[in-house]
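Open the model in your viewer and keep the selection tool at hand. This tour moves from stop to stop and says what to select next.

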There are 2 protein chains.
Amino acid sequence: MREDLSSMHENLPSLTFLEKLTARWQQGHFVCVGLDVDYEQLPAIVKGQRAIEEAIFIFNRVIIDATANLVCAYKPNSAFYEAYGESGIRALSRTISYSQENFPHIPIILDAKRADIGSTNTGYVLSAFDQLGVDAITVHPYLGREALAPFLERKDKGIIVLAKTSNPGSGEFQDLLVGGAQVSLYEVVARNVAQHWNSNGNCALVVGATYPAELRRVRELVGDMPLLIPGIGAQGGDVAATVAAGQDSRGWGMIISASRSIIYASCKSDFAQAAYWATVKLRDEINACRG
Amino acid sequence: MREDLSSMHENLPSLTFLEKLTARWQQGHFVCVGLDVDYEQLPAIVKGQRAIEEAIFIFNRVIIDATANLVCAYKPNSAFYEAYGESGIRALSRTISYSQENFPHIPIILDAKRADIGSTNTGYVLSAFDQLGVDAITVHPYLGREALAPFLERKDKGIIVLAKTSNPGSGEFQDLLVGGAQVSLYEVVARNVAQHWNSNGNCALVVGATYPAELRRVRELVGDMPLLIPGIGAQGGDVAATVAAGQDSRGWGMIISASRSIIYASCKSDFAQAAYWATVKLRDEINACRG
């Protein structure tokens, strides 16, 4: 079955991040599963006698197999893997390879929140897009468009810029009123990305589900640009408010990310079924609110 | 000789980042060597038949041995190592271990420019401070103090926050005028870090040498807080202007970082001597301007 899928996909042309994403949206998929794996929290049946690398990879493989028909993207957060040093990085790399080989139509977003000055970013570009082989990456806006050129030049990839993040303290700088017009910094980031950073049509923005009013404002500013929306589930974001504020003119445009509420839906041996049903539930809730 | 040094340091109490740094400043050392190694640019004598990991590690070891008596810190930039996947990460890890074992009095700054929301940062904290074993890390301010708590709680480490970065386009957001008082965003970042983030006395700021007026302004705002100042050398920052603007009330407070102008001072077999003399020259230039 897996081999058939693989050979079926061998003849697919290489699709861009936006093309993969749009195809998933067309099929009614807006859930992004956050693969934020903490070895300590893995079900006993997965840990068994396995080493950290193997246990994390096996867990991700099972979660991916269980949810692949229901999602628009996977989003591993690099911090969870870097925490375990080399074995964590290998588990991340194997997870990405597994997904790309078996489900090449599902884009993978590396939530790494990188950004350095100019040419230095080339290292992160090589690491994410060429070594690990992901379709998109999250980046900090603070250094400006000029610094992020090595990311933005990759037309086939998604460059997802932090605008209004989901954490309680995100207002410290993001809500500051800026310039003569006294608009919030996150709005300036969203506007600049939409108007000046996106000449390759490969940009997207992060806006937390925990801030529906700000999500609505960003959607007004950026037209149909994709929005990565974390904060649903464990962080408390509301699905109906998120969809009402976040959908684009086509009822699409949303990458709604949930992690703990899906991957740890059960800590017992039925964790894969529990992840499946948690994803179905979220998919159906989202689709019931769209329109 | 190396073994003697190791055993000499075994009985040293574990020093904080700020204690190590201050001891180096007291001895007149303000140069930070940026270990930003690109395998392609290594001298032929280092590359030889060596694999990437070994070549990068050997190069760093030679540079560290040549310059350890002259510097206040080493600063490997993570992007350069991540570019080579697992072998790059191993070269980084071996470089840090080598320096910490043989020169434990010299602090190591991981220039990784990380920052995620709250508990997710724990992964980066574990990776940098516990797996790799560095003394300090650079972070983005955009998510605010609340998000960066897992970094800020590490009293023994240095948390170095980007304020005004050295790149030509850093003004896009950092120079935006904020609030009723219409001060620049980078000033608000510097002020908040000094007034609200630094309850453990472990914060520092990044200000590029390419912006001496902004460097002076940050120094006015933050008292004697350490400033990491990149942009000298290949990026064109001026030493006299940097020291005049950046020194604190004691004539200290500066971590003046140069990378290419030191590590690639020669691309021939005399690269270690060339790195030594380039570091001596910069150290003497800095000290001639202090006062």
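## First stop: an aromatic pair

Select A:Phe57 and A:Tyr98: both are buried. Buried means under 20% relative accessible area, exposed means over 50%, and partly exposed lies in between (1.4 Å probe, protein chains only).

Before going on, note the ground rules. This is a predicted model, in which local features need pLDDT of at least 70 and side-chain atom pairs count only at pLDDT 80 or more, while totals for chains, interfaces and linings use all residues. Residues are numbered from 1 along each chain as its sequence is written, chains are lettered from A and ligands numbered from 1 in the order in which they are written, and side-chain values use heavy atoms, with hydrogens and water left out.

Stay with the two rings. A pair of aromatic rings is described by the distance of the centres and the angle of the planes. Rings of Phe, Tyr and Trp (its six-membered ring) pair if their centres lie within 6.5 Å; planes under 30 degrees apart count as stacked, over 60 as edge-to-face and the rest as tilted. The centres of A:Phe57 and A:Tyr98 are 6.2 Å apart and their planes stand at 80°, so this pair is edge-to-face. The pair links distant parts of the chain: A:Phe57 is in helix α4 (residues 52–67) of chain A and A:Tyr98 in helix α6 (residues 85–102) of chain A, 41 residues apart. Helices (H or I, at least four residues) and strands (E, at least two) are DSSP runs, numbered from the N terminus.

A:Trp25 is buried at 1% relative accessibility. A:Phe30 is buried too, with a relative accessible area of 1%.

Next, look for charges over rings. A charge sits over a ring if NZ of Lys or CZ of Arg is within 6 Å of the ring centre and within 35 degrees of the ring normal. Select A:Lys47: it lies over the face of A:Tyr39, 5.3 Å from the ring centre. Then go to chain B, where the charged end of B:Lys164 sits over the ring of B:Tyr211, 4.1 Å from its centre.

## Salt bridges

A salt bridge is a side-chain nitrogen of Lys or Arg within 4 Å of a carboxyl oxygen of Asp or Glu. The structure holds 40 of them over all chains.

Select B:Glu53 and B:Arg94, whose side chains meet in a salt bridge (2.9 Å, N to O). B:Glu53 lies in helix α4 (residues 52–67) of chain B and B:Arg94 in helix α6 (residues 85–102) of chain B, so the pair ties together parts 41 residues apart in sequence. Which of the two is buried? B:Glu53 is, at 16% relative accessibility, whereas B:Arg94 is partly exposed at 28%.

Select B:Asp111 and B:Lys113 for another salt bridge, 2.9 Å from N to O. B:Asp111 is buried at 5%, and B:Lys113 is buried at 7%. Now widen the view: salt bridges that share partners join residues of both chains into one network, including A:Glu53, A:Arg94, B:Glu53 and B:Arg94.

Back in chain A, select A:Arg154 and A:Asp130. Their closest N and O atoms are 3.2 Å apart in a salt bridge. A:Arg154 is in the loop between α8 (149–152) and β5 (158–164), and A:Asp130 is in helix α7 (residues 121–132), 24 residues apart. A:Asp130 is partly exposed at 44%.

## Where the chains meet

Select A:Ser127, in helix α7 of chain A. A:Ser127 is buried at 10% relative accessibility. Not counting residues up to four places away in sequence, A:Ser127 touches A:Leu132, B:Glu82 and B:Ala83; contact means heavy atoms within 4.5 Å.Show both chains. A rotation of 180° with 0.0 Å of shift along its axis superposes chain B on chain A (RMSD 0.0 Å). The two copies are thus related as by a two-fold rotation axis. Copies are superposed by least squares on the C-alpha atoms of residues with pLDDT of at least 70 in both. Select B:Val178: of the residues of chain B, B:Val178 comes closest to the axis, at 2.3 Å (C-alpha).

## Last stop: confidence

Colour by pLDDT, the predictor's confidence in each residue, from 0 to 100. Chain A has a mean pLDDT of 95, and 96% of its residues reach 70 or more. Over residues 1–9 of chain A the pLDDT is below 50. Where pLDDT is low, the predicted coordinates should not be read in detail. The model scores ipTM 0.95 and pTM 0.95.
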